[in-house]
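Hi there,

Here is the structure I promised to pass on to you. Have a look at it first, and then read my notes below.

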Amino acid sequence: MGQKSKIEWTDATWNPTTGCTKVSAGCDHCYAHKLAHERLATLYSRQLPVVQTPENTADPFSVRLWPKRLEQPAAWRKPRIVFVNSMSDLFHADVPDAFVRQVFEVMLKVDRHIYQVLTKRPSRAVRFFRLNQDLFPAGRIPDHIWMGTSVENQEVSYRVAHLRKLPAAVRFLSCEPLLGPLDLKLGGIHWVIAGGESGDEFRPLEESWALHLRDQCRSTGTPFFFKQWGGRRSKAGGRMLGDRTWDEMPIPDRIPENVAPVAISLGGKSHRRKRARPELEGASAAA
Ligand code: SF4
């Protein structure tokens, strides 16, 4: 089922795969893991996982493929901004290359949407691009497919260097949940999203970390999006940072030059940001 999303920086979520494995501190309170073990456990457990060990089969959060969902983007007639795999990580080792290919084939064919592919495994994304050059005859990932990686603390900032190797018009960072101060090299990065953690066990976001990241974006002309402060409830702390909200988005037409903070437009196609009632799998952002 296609999902409307309440994630502030996207319109809809699309989950052709579900399930994952925790890899770094940002995963500690992964909402996708929680949902998979709670409200989505019955649904996910009906499907066999890719790797069918007894442990994996019993675990609703092991990696599962949903081939029927490959048809969803074509069924959405109006252009949308689509967050790919909010309940998983497309570049998890258990997702076969052949299925990653199928996901890319859909994105390449149904090009009226913007797709945001966020991963904590950008080195596999680079490998996938190199090994599947036939999908990208122009030698680059088309403008409507944005590639991103998560950087929650300095320890995983090496992911930025991997991401930078991808020839994408929009390379973005999700610094959420932001767990410490970050000093980043933002050359070749076209968008930064930041936010605090939410839920009962949230780790508080310090204002100085958010301001420091915003200032790095401002000094490099990188669009900055501040999603939320976080807290027990995701909206508890609001979205103000300093004296305003930060909702900047990239404009692929002007990439790789530094971009201005305005609403999205892509090659003359309109991508209106229309909010709609969110459903379960679109509740928040993982990966
Ligand atoms: S979905 Fe994302 S946050 Fe959750 S375990 Fe996988 S990589 Fe970590």
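Predicted model: local features only at pLDDT ≥ 70, side-chain atom pairs only at ≥ 80, totals over all residues.

Residues are numbered from 1 along each chain as its sequence is written.

The ligand is surrounded by 13 residues (C-beta atom, placed from the backbone, within 6 Å of it). Cys-20, Cys-27, Cys-30, Ala-286 and Ala-287 are the closest.

Next, find helix H5, residues 97-109 (helices are DSSP runs of H or I with at least four residues, strands runs of E with at least two, both numbered from the N terminus). Val-103, Phe-104, Val-106 and Met-107 are buried in H5 (20 or more other C-beta atoms within 10 Å of a residue's own; 12 or fewer is exposed, in between is partly exposed; C-beta atoms are placed from the backbone). Seen down the axis of H5, the buried residues fall within an arc of 155° (taken from the directions from the helix axis to the C-beta atoms), so they line one face of the helix. On the other side, Asp-97, Ala-98 and Lys-109 are exposed.

Finally, Val-50 sits in the loop between helix H2 (41-45) and helix H3 (54-58). Val-50 counts as partly exposed because it has 18 C-beta neighbours inside 10 Å. Its C-alpha atom is separated by 8.5 Å from that of Pro-96, 46 residues apart along the chain.

Enjoy exploring!

Technical notes. Expected span 1.5 Å × (residues − 1).
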